[in-house]
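Visitor: I have this one open and want a quick tour. Can we just go through it as questions come up?
Guide: Fine, go ahead.

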Amino acid sequence: MKSLGAIGMMVLALSLCNLMGRRHANNSNSNASGTETTSAKNSNTPTLEQAPPPPGKKPTPPPISAGVLNGKAIKLVQPTYPPIAKAAHVSGRVTVEVFIDENGDVFFAEAVSGDPLLQAAAIVAARQSKFTPTILAGKPVKVSGVVVYNFVEQ
């Protein structure tokens, strides 16, 4: 049992080192004039192999909180169980805070609870989900809420 804990700690340490290296690589993409260059590697669309960008400045929350949004989804993307979490026998719930625009698209997602090995997959899935627009006084409005994913080891 101790070896499993040690393996989990090593996996977490390697993941953090990889994330920090990726952040450093992204920050070093500037040329001599000080302007940033763009490349295919700096895509804003996260994949399961690429961790979501580190949380920047969190947007101001919309005035309307809609609570748990799973039931209001037009398309609730289910996350892929990360192989590293499967190997470590990690399971459980991940709660992702989302901000949804007037069209029902997610424009900000951040994990607020759950195992760190599962959070990136949950964030990627939440960002790809689509929700029913919220109408207030006849106009669509931005809302915030949470999406809850339950990872069950199979």
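**Strand pairing, core and cavity**

Guide: Start with glycine 92, which stands opposite phenylalanine 151 in E8. Keep in mind that this is a predicted model.

Visitor: In which sense do E3 and E8 pair, and over how many bridges?
Guide: Antiparallel, over nine bridges.

Visitor: And E1 with E8, parallel or antiparallel?
Guide: Strand E1, residues 65–68, pairs with E8 in the parallel sense, over two bridges. Within that pairing, serine 65 has serine 144 of E8 as its bridge partner.

Visitor: How many residues of E8 are buried?
Guide: Seven of its nine, so E8 is largely enclosed by the rest of the structure.

Visitor: On to the core. How many residues are in the largest nonpolar one, and which have the most contacts inside it?
Guide: The largest nonpolar core has 26 residues, and those with the most contacts inside it are Val96, Val98, Tyr149 and Phe151. At least two residues each come from E3, strand E4 (106–113), helix H3 (116–128) and strand E8 (143–151).

Visitor: Which element gives the most to this core?
Guide: H3, with seven residues. As background, nonpolar side chains tend to be buried together in soluble globular proteins.

Visitor: What is tyrosine 149 in contact with, leaving aside neighbours within four places in sequence?
Guide: Its contacts include Leu76, Val77, Gln78 and Pro79, then Gly92, Arg93, Val94 and Val96. Also among them are Ala122, Ala125, Ala126 and Ser129.

Visitor: Different topic. How many cavities of 30 Å³ or more are there?
Guide: One. The largest cavity has a volume of about 40 Å³.

Visitor: What lines the largest cavity?
Guide: Ala66, Leu69, Lys72, Ile100, Phe131, Thr132, Thr134 and Val143. By type, that lining divides into five nonpolar residues, two polar and one charged.

Visitor: What is the relative accessibility of histidine 89?
Guide: It is 49%, so histidine 89 counts as partly exposed; exposed would need over 50%.

Visitor: And alanine 137, where does that lie?
Guide: Alanine 137 is in the loop between strand E6 (134–136) and strand E7 (139–141). Phi of alanine 137 is also positive, near 55°.

Visitor: Is alanine 137 buried or exposed?
Guide: Alanine 137 counts as exposed, because its relative accessibility is 78%.

Terms used: Residues are numbered from 1 along each chain as its sequence is written. This is a predicted model: local features need pLDDT of at least 70, side-chain atom pairs count only at pLDDT 80 or more; totals for chains, interfaces and linings use all residues. Side-chain values use heavy atoms; hydrogens and water are left out. On a 1 Å grid over the protein atoms alone, a cavity is a set of points where a 1.4 Å probe fits but cannot get out, and a pocket is an open set with protein on both sides within 12 Å along at least five of seven lines; lining residues have an atom within 4 Å of a point. Grid points are joined across faces, edges and corners, and a volume is the space filled by probe spheres set on the points. Ala, Val, Leu, Ile, Met, Phe, Trp, Tyr, Cys and Pro count as nonpolar, Asp, Glu, Lys and Arg as charged, and the others, Gly among them, as polar. Buried means under 20% relative accessible area, exposed over 50%, partly exposed in between (1.4 Å probe, protein chains only). Helices (H or I, at least four residues) and strands (E, at least two) are DSSP runs, numbered from the N terminus. A nonpolar core is a set of buried Ala, Val, Leu, Ile, Met, Phe, Trp, Tyr and Cys residues joined through side-chain atoms within 4.5 Å. Contact means heavy atoms within 4.5 Å. Two strands pair if DSSP finds at least two bridges between them.
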